[in-house]
Amino acid sequence: MGKDIDISTNQEHFVREALKLGIRTDGRSLLESRKPIISLSPDLYGFVEIEWGLTKLAVRISAEILQPYEDRPFEGLFTINTEISPMASPHFENGKNTDDEVLISRLIEKAIRRSNALDLESLCIVAGSKVWSIRADIHFLNFDGGLIDSACLGVMTALQHFKKPDISVNGEDIIIHSLDERQPVALSILHVPICVSFSFFNPGAVEENIKGDLNEEISIIDCTQQEELLRDGTLVITINKNRELIQISKSGGLPIDATMLMDLSSRALLIAEELTDMVKDLLKKDEQERYKKLNLKMLQAENSR
Amino acid sequence: MSATPSTSILSQVDGSAQLLLGPIKVLASVTGPIEAKARQELPTLASLEIIVRPATGVSSTREKLLEDKLRSLLQSIIVRHKYPRQLIQVVIQFLSSDSDHSANAKAFTSNELNAAINCVYFALIDANIALFSSFASVSLCILPSSDSFILNPTIAQLNESESHHVICFDIKDKQADKILLVESQGSFSEKQFYLAIDEASKECETIHNKYQRHCIVEKIREDFVWKF
Amino acid sequence: MPENPVVKQMVFPPEVLARIAPDISLQRHLSVGLRPSLRGFNEFRPMEVSEGGLNDVGKNNLIGSSVVKSGDTRVICGITLGIVEENSVDKILSLTSSAEDDSLENYSSVYPVVDISRGRSGAPTDEEMILSQKLYETILHNKIIDNEALKVQVGTKVDNDIIYPDGSGENDDLLRPKKNWSYTLYAHVKVFSRSGPLFDICYSALIGALKNCKIPRAYIDDKSTDIRIPVRSRGNFGHLRESYNLLLDTNYNENLSIKEAGTPSSYGIIDVEKPVAEAGDEDDMDVDQAPAATTVLLADLEGEAEETCAVSKINIISSKDSLKPLKHISIIGGGSRITKALLKESIRIANLRSEL
């Protein structure tokens, strides 16, 4: 396997011609997203694995107590680590941030951290000296397009799944209670942003520099690695269930019709609603499972007496 | 020990395996032989790039040391002269480890090293990389005032133990043959050490005959055209 | 007519051969029972540890030091002190779980930074990082430094007198802050003229420096205690916050008590193609005299040729303890076969060395 991802001219023509006919190589329709499979860890908090088509990733949330920044004594810390290892694809080098990686990490940063999805003030323990520091490590395991969408979903699911140990504060002194001793506490999540990526293809043979009246651009949702290599323009919309638009990032040269943005936004909203509900159901089930397990444990303890 | 791996789970790399060993969940991927960068290239041998990534946080010197131990093992087990001027890239990604359950588990790397070695074997097999022999490793500890061993100890057991050992053997003709790697720490007698080695060689054979053979047979059955 | 090319046998002086074909040069040496350094196979280089070699440099930061010479290599090690606030994490849990006295949780380590001088500066190399981590883990697992030894017994300064908790007695608790502090030890290990694996010499240097560590007492100066006013914003109540300035009292020094650290010994294992020459002195008596190739133990590797050719390596740390003398064994066995006889021999020598 070579290091650079390259695509043959034959394959390129095939994909493009098929798109013009409204067909995608994996059989989806143009505006159909892949259905993610989300697995939550039954014994750990904040450990989520996502399979988004062939794209695979795992998200781990961890928490520790640190001193806050001098200028923000009431705010906790939240970092997202999006380093991509060569495990995802050999064309990512270890320890070297490629432009793609920087772009992905910035988009995720903006979607989640800058949109205040996690309430930082609720992480404060003792103002100015002790706050929770929450860290999300995204481990990209396999790469087949849609890294932004799946990473954002992964982090948001993991944040909702995560529980930090309970603490008691006694003046300056704090005691961290172990998970066995006291029920851990969930994080305070203000809203759930969902990223939806669109890709645009220019069906014409010539490059379109000025927006024509033709409006022939093909737009597709959630492209695979192959389609990502060929696309002429991309758009990432981050939106939540409350119909709040959080981020719009349009890049790539291909100009698109302005009214199309409205249409795509409402499509993104549908996907966001669907995914948010799906995650919610999953978390609810997980909670019930855990509760059942806990009950069972208690019963066993009684029996042994 | 349940060392049943799942292999070929990633599509972008040449070989991959996932292993669950108690609380440790580890994923290994192997890509190669691929083109090496100019500074990595060795004229007569394949160069190895080994990357260990922790479940949480950035990788530190702790992971560097694990990489070094893995390298010292793999460089003599992979038939490197078969792939001159090329690169074999090995990534070990921990998804969960002992340290998720206990704060001071970071002090012990033995279970993680053991899991990484056993997992990378399946990934190498999956990637069809030529090996001189099979290899398997065992993590064990000795509790104070007892002479018996605990295989695959938990963190609590390691904490109480007097000494802990990771022992890796190569396996030829279903027999544990050569000592490939030993990492022993704590305080122990010479006799205990030899006993640990004997115990480990037996256990390595068990791992090989129970899991590794099976994996190789499956691999050949699945991958080659002349189906059985 | 072109002449038949004549292949002339090339002859190199030994030092040139050692440079261009280190493996051949090494084999030639070994086959006559010699090492390039002219040492015997089982002969270690003498290691000269001068503890406190830097103690006259200044009393500001350095609390322990050592200078080690071994062969051409010089290692300088200095230990400095840091104070961290102890987290009162899981008090209840730790009471229950660490009933075992000898549990690893009750031991600390030093944080070493190894710097191998190579004529340029820059980010630490892999070798330096690996060595630092190895030293850290080894000292931790050998259980050399007890946590108790690093607890800070904080005194309070009242009118130029410093009152320490173990001193006068009654009003100790009144004056003492509720917080707990402990010392962390940082070690800076500087290596000059590297000529082989460095673990042994760095470990000896680190232990040497730890042995003469003087731990000062710390006290709180009332004048420098900083109290901040309560703060309040958006439902968050900031608490009355005191931050203390801990000052070191250099008039009181206590020796850091460390447990027996053991003696490190390292070996390389290499196949000698020809039988060891008839010279047969006592150094290679215990080696199997197989006719084709013999495997020999080389103590304390020196030079590039030995380091690269001996792929199999053994590191042992052995202490004086009569029952369980071994502290650490690490073996890399991918190269020449490590037989039980070789292993026994290496442990025997390591034990002998620790008794010196």
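Two residues are in contact if their C-beta atoms, placed from the backbone, lie within 7 Å. The model is predicted: local features need pLDDT of at least 70, side-chain atom pairs count only at pLDDT 80 or more, and totals for chains, interfaces and linings use all residues. Residues are numbered from 1 along each chain as its sequence is written, while chains are lettered from A and ligands numbered from 1 in the order in which they are written.

**View 1. Chain C as a whole.** Among contacts in chain C between residues at least 6 apart in sequence, 74% join residues at least 24 apart. Chain C has eight helices and 19 strands. These are DSSP runs, numbered from the N terminus: helices are H or I with at least four residues, strands E with at least two. Of the 356 residues in chain C, 36% are buried. Buried takes 20 or more other C-beta atoms within 10 Å of a residue's own; exposed is 12 or fewer, and partly exposed lies in between, with C-beta atoms placed from the backbone.

**View 2. Domain 1 against domain 2 in chain C.** Domain 1 covers 17-43 + 262-355, and domain 2 covers 47-154 + 176-219. The bounds come from an automatic or database domain assignment. Twelve residues of domain 1 of chain C are in contact with ten of domain 2. On the domain 1 side, β16 (263-272), α7 (303-309), β18 (312-318) and β19 (326-332) each supply at least two residues. The largest share, three residues, comes from β16(C). By class, this side has three nonpolar, six polar and three charged residues. Nonpolar means Ala, Val, Leu, Ile, Met, Phe, Trp, Tyr, Cys and Pro; charged means Asp, Glu, Lys and Arg; the others, Gly among them, are polar.

**View 3. Helices α4 and α6 of chain C.** α4 (residues 126-141) and α6 (residues 199-211) pack at about 55 degrees, their axes 11 Å apart. Axes are lines fitted to C-alpha atoms, for helices over the stretch in contact, and angles run from 0 to 180 degrees between N-to-C directions. Leu131(C), Lys134(C), Leu135(C) and Thr138(C) of α4(C) meet Phe199(C), Cys202(C), Tyr203(C) and Leu206(C) of α6(C). Six of these contact residues are nonpolar, one is polar and one is charged.

**View 4. Surroundings of Ile129(B).** Ile129(B) sits in the loop between α2 (110-126) and β6 (134-142) of chain B. Ile129(B) is buried, with 24 other C-beta atoms within 10 Å. Not counting residues up to four places away in sequence, Ile129(B) touches Val30(B), Gly32(B), Ile78(B), Ile88(B) and Leu124(B).
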